[in-house]
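Hello,

Here is the structure for your set-up work. My notes on it follow below.

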Amino acid sequence: MTKLALILHGFPQPVEASDNFLIEYLQSRNYEVCCPYLLAGDWDFDWPNICRFISKQLNNRVPDVVIGISMGGLILPNIVKNWPKAKLIFLASGPNLDLPKAIMLPINLVQTDLGYLLIKLILKIPDKLLVRTYGLLDRYIEGPGEHDLADLQSNVHYMRLISKKRVKELIELLKKIDNSEILTRLQNPALVINGSSDVLMGQGSTLASLLPNCKYIENTRSHFNVFTKDDLKLLDEFLV
């Protein structure tokens, strides 16, 4: 019997079906995979609309497993509160948005009209230079390590596509999120995987401690490579 998996993506790019090892893994285990992209469209980005949008993408079905990646892990608890049997997987996430000051500064700036205009002008820089600069900033924040050029290019591409309305609504919603209370009420089987070198969402142990029925796995990696193809085996036992 086919099961249903819901993947809630991180910022700013969707989890796409082509050449994605997590989708391929789930499909090989007889899961239908739903990966709604939350940052497109002109609907108001608030909890009722987010829930309606995801429910519509699922054709009003209840998923067997829900995976939240980074930002998606912040959104996940409010989505699953009426799905007590769904298994939950949090990858590189936390209970709230607790980012370094170097990241919060441009986030706060982009909420202003002038700041948004400045960011849009920066995003008009030619791809080669912009991706290189973005990569250097990533290294400054996350430290040395493997940084996928294609992933950086994809991030830049999707950042260019997000509307001013969606950016402002997204930031407003994420800054208000504190899942500390709701997490303690989720009795779902849960798996949290985080990296000890993740300075963007390095609250995995706190997240896991709030979930009553949770297994916590920590590796030594940074945010963007917390979960790789080699880690798929960690899901085998959990998804049985």
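**Leu 207 and its surroundings**

Leaving aside neighbours within four places in sequence, Leu 207 is in contact (heavy atoms within 4.5 Å) with Phe 90, Ser 93, Gly 94, Pro 95, Leu 183 and Val 192. The residue lies in helix H10. Helices (H or I, at least four residues) and strands (E, at least two) are DSSP runs, numbered from the N terminus. Leu 207 counts as buried, at 0% relative accessibility. Buried means under 20% relative accessible area, exposed over 50%, and partly exposed in between (1.4 Å probe, protein chains only). Phe 238 is 31 residues from Leu 207 in sequence and 18 Å away in space, C-alpha to C-alpha.

Before the rest, some ground rules. This is a predicted model, where local features need pLDDT of at least 70 and side-chain atom pairs count only at pLDDT 80 or more, while totals for chains, interfaces and linings use all residues. Residues are numbered from 1 along each chain as its sequence is written, and side-chain values use heavy atoms, with hydrogens and water left out.

**Cores**

A nonpolar core here is a set of buried Ala, Val, Leu, Ile, Met, Phe, Trp, Tyr and Cys residues joined through side-chain atoms within 4.5 Å. The largest one has 48 residues. Leu 6, Ile 54, Val 66, Ile 79 and Leu 88 have the most contacts inside it. At least two residues each come from E1, H2, helix H3 (71–80), E4, H4, H8, strand E5 (190–195) and helix H10 (204–210). H3 gives the most, with six residues.

**Helix H3**

Ten of the ten residues of H3 are buried, so this helix is largely enclosed by the rest of the structure. Among them are Met 71, Leu 74, Pro 77, Asn 78 and Val 80. The buried residues of H3 pack against E1, H2, E3, E4, H8 and helix H9 (180–185).

**H4 against H8**

The axes of H4 and helix H8 (residues 164–176) come within 9 Å and cross at roughly 130 degrees. Axes are lines fitted to C-alpha atoms, for helices over the stretch in contact, and angles run from 0 to 180 degrees between N-to-C directions. H4 and H8 are therefore oblique to each other. The classes are roughly parallel under 35 degrees, roughly antiparallel over 145, roughly perpendicular from 65 to 115, and oblique for the rest. Met 104, Ile 107, Asn 108 and Val 110 in H4 meet Val 167, Lys 168, Ile 171 and Lys 175 in H8.

**Backbone points to check**

Most residues other than glycine have a negative phi, and most peptide bonds are trans.

- The Phe 11 to Pro 12 peptide bond is cis, with omega near 0 degrees. Pro 12 sits in the loop between strand E1 (3–8) and helix H1 (21–28).
- Asn 59 has a positive phi of about 55 degrees. Its place is the loop between helix H2 (47–57) and strand E3 (65–69). Asn 59 is exposed, with a relative accessible area of 56%.
- Ala 92 also has a positive phi, near 55 degrees. This residue is in the loop between strand E4 (87–91) and helix H4 (101–110). Ala 92 counts as buried, at 5% relative accessibility.

Best regards
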